[in-house]
Amino acid sequence: MSNDAVDTAADARTASQAAPADAGDAGYSKDLKGRHVNMIAIGGAIGTGLFLGAGGRLHSAGPALAVAYLVCGIIAFFVVRALGEMVLYRPSSGSFVSYAREFLGEKGAYVAGWMYFLNWSTTCIADITAIALYTHYWSFFTDIPQWLLALAALAVVLAVNLISVKWFGEMEFWFAIIKVAALVAFMFIGIFLVSTQHKVGGETPGMNMITDHGGFLPNGLMPVVIVLQGVVFAYASLELVGVAAGETKDPQKVVPRAVNSIMWRVGVFYVGSVVLLALLLPGSVYSADESPFVTVLSKIGVSGAGDVMNFVVLTAAMSSLNSGLYSTGRILRSMAMAGSAPKFTAKMNRNQVPYGGILLTASVGVLGVALNRVVPDQAFEIVLNVASLGIIGTWISIMVCHLAFVRRAKEGHLTRPNFRLPGSGVTQYVTIAFLLAVLGLMWKDAEVGRKTLFLIPIVAAGLVVGWYAIRRKADRETEREAAELGK
C-alpha cells in the first residue's frame, strides 16, 4: 500500500465517523474481504471491452488503438481516484450517489443514480449478448437460439447475486483470477511468438505487421476518434470499487491499494495486450464478431487454444454481468431510501441482499433477451452505445461531486483524507472536458454515434419527467431524515 494510503487510514476513520449517515447503508453484512475488493478492482479493469470489443476496434483503428486505451485509462484512473478519496471520507454502498446527495442535493443524486442504472442495465444486455456470441463459438451450441443462451446466462448470474454478497465476492474473485491468468499466459505466448518470429496464420509477427499494413494509423485518425466512446465503455466497471467498499470491514486499507494499482493494470493488460495483438496480425484480420485473442490462438496451430481463450472471454462477460447486478442493487437501494427510486428496490432478503434493485436490473436484461431474438446481429453494438451515454454521465457526476466535496473542505466543513486526487482543481475539469469531447466526437460516426447522440434529449426528458414525478416524495424523505437527525 502507498505511504499516503497508510497515513490517511486513521484520519479516514475519524472523518467517516463524523460524516452524515446514509440510510441506505444500514443492514449490509460487511462480508466482502480485502481479496474480494482487490480482485473486483482487477475484474473491473478487464472485461468484455477488451476481450470482445478490441477486435472490431483494432480492425478499424489499427495499432493506434493502444494510445486510445492509454488516454482513456488515465481518465478512468482520475475518476476512480476521486471516488476513492470520497470513499475514505465516508464509505457507503450508495457510493457516488450517496456523496452526490450530501454535496449536490437529492436532485444530483437522482441524476447520478439513474444514469448509472442506464449504464448497467444496458451493459447487462451487452453482456448476455456477448455470452451468447461466445457460446456459439462451439459447434455444440450453434443450433441453440442466441436469445435462449442469453436468458440462461442471466438466470444463472441472477441466482448467485440473490444468495449473498459473499457468493458474489467469491464468484467475482475467481472470475478475476481466470481473466488475469489467461491474459498473463497470452502475453507470454505473444512475446514468445514475436521474439521467435513464429508464424501466425501464415504471417511473420513483428513491427512489419504495422509498417507493411498501413502503419500506425492505417485508416487515418478519425476511426481512432470514433472508437473512443467504446474504449471509455471498456473501463466502465472501475467505479465498482466504491460500491464494494460499503460492504467490507476495513475500506481505509483496502480501497487505496485497489485504486492505486489501476494504472499499472491499464498499462499492462490493456495497452500491452493491444500492442501485442498489433504485432501478431494485421488489424484487418481482426473482427467485431470474434475475440482478438481467440483469433490469434486459433491461427497458431495449437489444438484447443481457441477453445480455452473463448472460455476465458465467456468468463469475462459473466463477471461483468455479475458486477452490474451487484452494483445497481446497492445504488438503487440508496436512492429508494431517499425516495428517488421505486420503493420495492429498497427491500432486502434475509441474507442482507437488496434483491429489489437487482431484480429491476435483471428485468431490463430480459428486454435484452428479446433484442437478441429480434436483431441478434446488431444487439451488442446498439446497447454498447447507449451504455456509453450512461457511463459518461456517471463519470461526469462523480467529478462534479468531487468538485463540490473539495469546495466544502476548503470552507472548513469537512477534512479531506491524505489519499487525494492528483492535481485536484484542474484534474476534474480536464476529465469532464475530455468526456464531453468524447460525446461531441460521436457525431463524426454517422452510422452509430450520431444516432446515439439523438438519444440524449430523450434521456434528459425522461430524467426531468421522472424527477417531477418523485420530487415530493424525495422532499418528504429528506425532511423526515432531517427531523430524525435533529432528535
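## Contacts of Ser 273

Ser 273 is in contact (heavy atoms within 4.5 Å) with Leu 183, Met 187, Val 268 and Phe 293, leaving aside residues up to four places away in sequence. Ser 273 belongs to helix H15, residues 262–280. Helices here are DSSP runs of H or I with at least four residues, and strands are runs of E with at least two, numbered from the N terminus. Ser 273 has 0% relative accessibility and therefore counts as buried. Buried means under 20% relative accessible area, exposed means over 50%, and partly exposed lies in between, with a 1.4 Å probe and protein chains only.

## Basis of the values

This is a predicted model, in which local features need pLDDT of at least 70 and side-chain atom pairs count only at pLDDT 80 or more, while totals for chains, interfaces and linings use all residues. Residues are numbered from 1 along each chain as its sequence is written, and side-chain values use heavy atoms, with hydrogens and water left out.

## Helix H6

Helix H6 spans residues 95–104, and nine of its 10 residues are buried, so the rest of the structure largely encloses it. The buried residues of H6 are Ser 95, Phe 96, Val 97, Ser 98, Tyr 99, Ala 100, Arg 101, Glu 102 and Phe 103. After H6 comes Gly 105, which has a positive phi near 95 degrees.

## Salt bridges

A salt bridge is a side-chain nitrogen of Lys or Arg within 4 Å of a carboxyl oxygen of Asp or Glu. By this rule there are three salt bridges.

One of them joins the side chains of Arg 416 and Glu 85, at 2.5 Å from N to O. Arg 416 sits in the loop between helix H19 (379–410) and helix H20 (427–441), and Glu 85 in helix H5 (residues 65–89), so this pair ties together parts that are 331 residues apart in sequence. Arg 416 counts as buried at 14% relative accessibility, and Glu 85 is buried with a relative accessible area of 0%.

Glu 102 forms a salt bridge with Arg 90, and their closest N and O atoms are 3.0 Å apart. Glu 102 is in helix H6 and Arg 90 in the loop between H5 and H6, so the pair ties together parts that are 12 residues apart in sequence. Both Glu 102 and Arg 90 are buried.

Another salt bridge links the side chains of Glu 106 and Arg 101, at 2.7 Å from N to O. Glu 106 is buried, with a relative accessible area of 11%; Arg 101 is buried as well, with 17%.
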